[in-house]
Amino acid sequence: MLAKNERGRGAGTVENLKPILEELRNAVKKDPNDKVSWNNLGVVYSKMGDLEKAIPCFDRALRIDKNYAEAWNNRGEVLYKLRNYREALESFERALRGNPRYENAWYNKAVVLHALGDDESALENLDMVLSLNPEHDTAIKLRDKILRMRVRERKVWLFLASDTTWEAKKRTGSVWSLQESPAVRYLRDVGEGDIILAYRRTPHRDINAIFVAKSWMFIDEKTAWKYKIAMEFKFGLKRPLKIERVEKKLKILGVEIKEAQPIIPLSQDTWEVIREEIVRLNPGLSDEISALEGAEKIIKINYHINPYAIMESVPVSLHTIHQIQAYLKGGKNILVYGPPNSGKMKLVTLIADQICGKVVDAKGRAVNNYTEIVASPDMSREELLGKNGVVLQCVEKCKKSLERVKRPHYLIVHKIERADPKGPIAEILAAMRRGHLGNIKIPKEFRILATADVVGDVGDELVLYSGDFAFVEHASLPGEEEYQAIPRIVHQYMMELGIHRGLSTEGALFDGDVDGSVQRAYDKLMKFVSAGDPHVEGNAPRGVRTYISLPTSVLVDCMIAVINSPGGYDKDLALQNAIISNILPRLSALDRNQLINIMLKAVEVFGYESDVVKRLDMLIARKPAQEIEIHGSAEREGGEFRTFEEEIPDGRELEGVEVNYKVDIAKIKDILSIDDNVINQIITNLESGRNVILYGPPGCGKTRLATLIAEQICGTVVEGNNIKPNYTLVTANAEWGNYDMIGGLSPYTDKITGRVVYTFKDGCVTQAVKNCLRSLKEYRRPHY
């Protein structure tokens, strides 16, 4: 931004700056709308120490251009020097609004937040600086300084509380406010988890309660109070400790209780004297005090994630990343589910990489600070939970990582739906709920990140058995977002491969696309796969996504093949070959008419003589028309097929059947914590003939509530020697079609004639309707 006039940014003494100052004054007189000169004039005033004159210069530049990021940043620097932290923070935020990649503004914002005591946010901003410039020395130094402060020994403090404050707040915890005093300097050393003894002056000089500090000191400039610290009430002393009892011992230690000081740090020796006397007077508190002393060190994990770095590599929405971040920060384990090849595995590893970082192994190599495994039904208990099992090793690594680098170590389990839900997985969940694995304590910072293509039995187990898992769907990006994301992902992948395609023309989506041929190929690809209306009668051009779910990763692979094609290789031909290799093999399960519609789309996009059309024509030729025998059901008895009408009673026979919708609410509330009104609302809707959809965040008990209500209304049925619940439970997914829900033709080989015949196979909804009709006839109960 200083191309027009760089001289205002130069370093120098006051004498050296005077000629520059005069030159800049003349520049703004000559052109009052010269925002760069106004900005540089403010910088020179700042360097000369005249901070009050610098601010109006930056304001003048900002009146000319309210989004002038550098002027906002320089204004913030001056305000910081004036100790006006709140306004400085606002200025840096405005600078970042004008230029989100302004690394110095991110750094300056972190400095202010650190000065205000908000180290968590300061670290988040420093991470943004280092994502833009990994070699930013001052950002690295500040980050290391903050991280060193995060793990600290628990300290003990004597807090002078007035009678009114103490009486009003002792049962609920308190926030005390302190005015300026000689003791204020100690507040900067008070940290979360410190033990605080409440000291009362009147009517006796005594210690009568113990608190724990819950939050760091912060400054509130908008009130008369300058410093505040939040404290959580732990327990009061049945027999308060009068200061006179220990005053002589304290004087020997050199400690004097000064009533003018609101808060006093106590040495370990002083605390031992006071503790011994408290326990002597209140022997029942010995264990509670020991528990406070033995509590774990407080380690604040930085859960900040740079979403834009992840979105460069994975087709994922900002909302999904923020959702995962919030759940991890809230103590939840994560299950990310979505269609195959959608990028779930890479998503969770990138998130773990940002939160856990890297560590140095025994050979001095930097390695990932997380463990990845792929689940299988054959995983043994020894492999997972044995002495050398994966989980135990992860827990130990997490402890060492927290101690050494102040970061957690995560366990990533891919394809978790393949695991046996009643096997070792259930034991792992139980151990995490208890907080220990055998005699090994599990750090509260330890997490499991899992991925699954479908939420099957393991997913049900995670929800029903442990409320500590949050489900996050990794859905496809909306059309326009996906269109913009694919070029970014392709670029990042090429960079990871060490391939640089050169600069693109202005406005082009792809690097190196000088003639626009890659862009034209991309538009053809997106048009070929775009979904159409599958319900329109007759043959018409329809894209691939009309009939199948096509992950973004497949489109990325196609475009990488196009970009990497040799210079003389036609991009359109390269795209067709990529489609033939990556997309057409996925169409083998489609029927003849669906393939014809896709071929018509290919003709529209590539032309009748194209390779894609020819290959589709070959696929269609392999699906000749067949003589089909259609039967009413897939069930066969004695060589005969039973028809639909024979299997189930006529619904008209069941008119007038009264269903009992009464449920035992108390029984449900014994299992779930839920409001009576929610249950009554569900029952009212069912009685009124309505279907019900329960919605809410993952893991809150929606599925369990639905099954508990269905169990009471529908009851159970006998099938052979088994008693089963009289309802059908299925898990929906995005790839479901009419065949899955309603049913369709399914091949069946007749053992007598050897001919292939087609029977009508019921979908889940059709089968549930049949079960309901049978249940109403035999048990006078519905089937849900």
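At 47% relative accessibility, Arg780 counts as partly exposed, where buried means under 20% relative accessible area, exposed over 50% and partly exposed in between (1.4 Å probe, protein chains only). This residue belongs to a predicted model, in which local features need pLDDT of at least 70, side-chain atom pairs count only at pLDDT 80 or more, and totals for chains, interfaces and linings use all residues. Residues are numbered from 1 along each chain as its sequence is written, and side-chain values use heavy atoms, with hydrogens and water left out.

Arg780 lies in the segment after α31 (764-779); helices (H or I, at least four residues) and strands (E, at least two) are DSSP runs, numbered from the N terminus. Most residues other than glycine have a negative phi. Arg780, however, has a positive phi near 55°. A positive phi, near 65°, also occurs at Arg83, in the loop between α4 and α5 (85-98). With 60% relative accessibility, Arg83 counts as exposed.

Helix α4 takes part in two helix pairs. Two packed helices are described by the angle between their axes and the distance between the axes. Axes are lines fitted to C-alpha atoms, for helices over the stretch in contact, and angles run from 0 to 180 degrees between N-to-C directions. The axes of α2 (residues 35-47) and α4 (residues 69-81) cross at roughly 20° and come within 10 Å. Helix α2 is therefore roughly parallel to α4, given that angles under 35 degrees count as roughly parallel, over 145 as roughly antiparallel, 65 to 115 as roughly perpendicular and the rest as oblique. The crossing of α2 with α4 is left-handed, meaning that the near helix is turned anticlockwise from the far one by less than a right angle. Contact (heavy atoms within 4.5 Å) links Asn39, Val43 and Ser46 of α2 with Glu70, Ala71, Asn74, Val78 and Lys81 of α4. This contact comprises 3 nonpolar, 3 polar and 2 charged residues; Ala, Val, Leu, Ile, Met, Phe, Trp, Tyr, Cys and Pro count as nonpolar, Asp, Glu, Lys and Arg as charged, and the others, Gly among them, as polar.

In the second pair, α3 (residues 51-64) packs with α4 at about 155°, the axes lying 9 Å apart. The two helices are therefore roughly antiparallel, and the crossing of α3 and α4 is left-handed. Residues in contact include Leu51, Phe58 and Leu62 of α3 and Trp72, Arg75 and Leu79 of α4. By class, the contact of α3 with α4 has 10 nonpolar, 1 polar and 3 charged residues.

Asp34, in the loop between α1 (14-30) and α2, counts as buried at 6% relative accessibility. Its C-alpha atom is separated by 8.0 Å from that of Ile64, 30 residues apart along the chain.

An open sheet is formed by 5 strands in the order β11-β12-β15-β8-β16, with parallel pairing; two strands pair if DSSP finds at least two bridges between them. Strands β11 (370-374) and β16 (469-473) stand at the edges with a single partner each, so one side of each has no neighbour in the sheet. Neighbouring strands are turned by 20° against each other on average, direction ignored. Strand β8 (residues 333-337) is joined to β16 by 5 bridges, and Leu335 stands opposite Phe471 in β16. Helix α15 (residues 344-356) packs on the sheet, touching β8, β11, β12 (410-414) and β15 (448-452), and its direction makes about 175° with that of β12. Helix α17 (residues 390-405) also packs on the sheet, touching β11 and β12, with its direction at about 165° to that of β11.
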